[in-house]
Amino acid sequence: PCRSVLTVACEQTEVLLFDPVSSKHIKTLSEAHEDCVNNIRFLDNRLFATCSDDTTIALWDLRKLNTKVCTLHGHTSWVKNIEYDTNTRLLVTSGFDGNVIIWDTNRCTEDGCPHKKFFHTRFLMRMRLTPDCSKMLISTSSGYLLILHDLDLNKSLEVGSYPILRARRTTTSSDLTSSGSSGPRAVGSPCHQNDSGLLSEKHMSRSSQREGGSPRNSLEVLTPEVPGERDRGNCITSLQLHPKGWATLLRCSSNTDDQEWTCVYEFQEGAPVRPVSPRCSLRLTHCIEEANVGRGYIKELCFSPDGRMISSPHGFGIRLLGFDARCSELVDCLPKGPSPLKEIRSLYSHNDVVLTTKFSPTHCQIASGCLSGRVSLYQPKF
């Protein structure tokens, strides 16, 4: 959070630390985990968490990097994502075991810290909290996007204990003008309920019958529309949130892995939710096709700190994308229907496929990392 350290998660058990201003290497945690390191999240200016394919999460202190603060055990498969709720000071992790687990870092000991399973779904890929921690978004390899509204992390969610808002496609301009009162066809939820894995509306809690709004932890299941993919399945591999909470940013690939798309979906906070009316809180506003390289690897993209630009891995480099050619705010250039993202600048310095990119929160600086392990820092001039 103090923006003084750039941390890098590596495939071969390592975590690298750099000074992003001077580009100097600070330290290598050579055996941070026993398998690939997947994600890093700072909890404050000194404490940060790492997660790994070794199924564990580790807590570290910048003031004493020679040893871990503690190791957290709870997942049964690769741990891919870490979030932190600044309101409750709870650590939130997700893995390929389909579990979202809550950790009470306020009560950590050398043996770990109290935790509980919060949510479970099949095919889980990525999990994010909105900036105000009021929603949790979960993407899946089967093309579903799950949204938990009015989030309450203190309540574990078992099947049937939360109200379900009908699954549907995200709206486009044609949906808004031509759909009937019943809306587009509903699709099955990817969450477990029985052998078919479907959740039915009979499990809605009585609280969902309230007029005037949705209850805590109400679940919305969407199949985001991807250009050219209406009749083909897709996998949502990367999921990011606009820094002001206005939109979500997805990287999607086709099930045949021959196409990749970057898509922006605006949050629509419309009329109060009622059980008789399907909810769809996202609308596709912008998209662009990506380079189909590095098959099988996830490419992590990001918003700029002000939300005006997107940095996206593209082949052996990155592309800086805007909602229009002037890098306007999203709310100032919302199109009536899906529009192409505008390429502002391309930056190439790698000799291998770029897998991740990140803006500095405080400087005019961008970092990127490629499959061969090289990290590049850019200071673009426009």
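**Close-ups of rings, charges and strands**

**View 1. Phe48 and its stacked partner in a predicted model.** Phe48 is buried, with a relative accessibility of 0%. Trp60 is buried as well, at 4%. A search of the whole structure turns up 3 aromatic pairs. In the Phe48–Trp60 pair, the ring centres are 6.4 Å apart and the planes meet at 15°, so this one counts as stacked. Phe48 belongs to strand E5 (residues 47–52) and Trp60 to strand E6 (residues 56–61), so the pair ties together parts 12 residues apart in sequence.

**View 2. Trp78 and Phe96, a tilted pair.** Here the centres sit 5.9 Å apart, with 35° between the planes. Trp78 is in the loop between strands E7 (70–73) and E8 (79–85), while Phe96 is in the loop between E9 (90–95) and E10 (99–103), 18 residues apart. Both are partly exposed: Trp78 has a relative accessible area of 40%, and Phe96 comes in at 33%. Lys80 lies over the face of Phe96, 5.2 Å from the ring centre.

**View 3. Lys135 over Phe267.** The charged end of Lys135 sits over the Phe267 ring, 5.6 Å from its centre.

**View 4. An open sheet of 3 strands.** The strands run in the order E1-E2-E3 with antiparallel pairing. E1 (6–9) and E3 (25–29) are the edge strands, each pairing on one side only. From one strand to the next, the twist averages 15°. E2 (residues 15–18) pairs with E3 over 4 bridges, and Leu16 stands opposite Thr28 in E3.

Terms used:
Residues are numbered from 1 along each chain as its sequence is written. This is a predicted model: local features need pLDDT of at least 70, side-chain atom pairs count only at pLDDT 80 or more; totals for chains, interfaces and linings use all residues. Side-chain values use heavy atoms; hydrogens and water are left out. Two strands pair if DSSP finds at least two bridges between them. Helices (H or I, at least four residues) and strands (E, at least two) are DSSP runs, numbered from the N terminus. Axes are lines fitted to C-alpha atoms, for helices over the stretch in contact, and angles run from 0 to 180 degrees between N-to-C directions. Rings of Phe, Tyr and Trp (its six-membered ring) pair if their centres lie within 6.5 Å; planes under 30 degrees apart count as stacked, over 60 as edge-to-face and the rest as tilted. Buried means under 20% relative accessible area, exposed over 50%, partly exposed in between (1.4 Å probe, protein chains only). A charge sits over a ring if NZ of Lys or CZ of Arg is within 6 Å of the ring centre and within 35 degrees of the ring normal.
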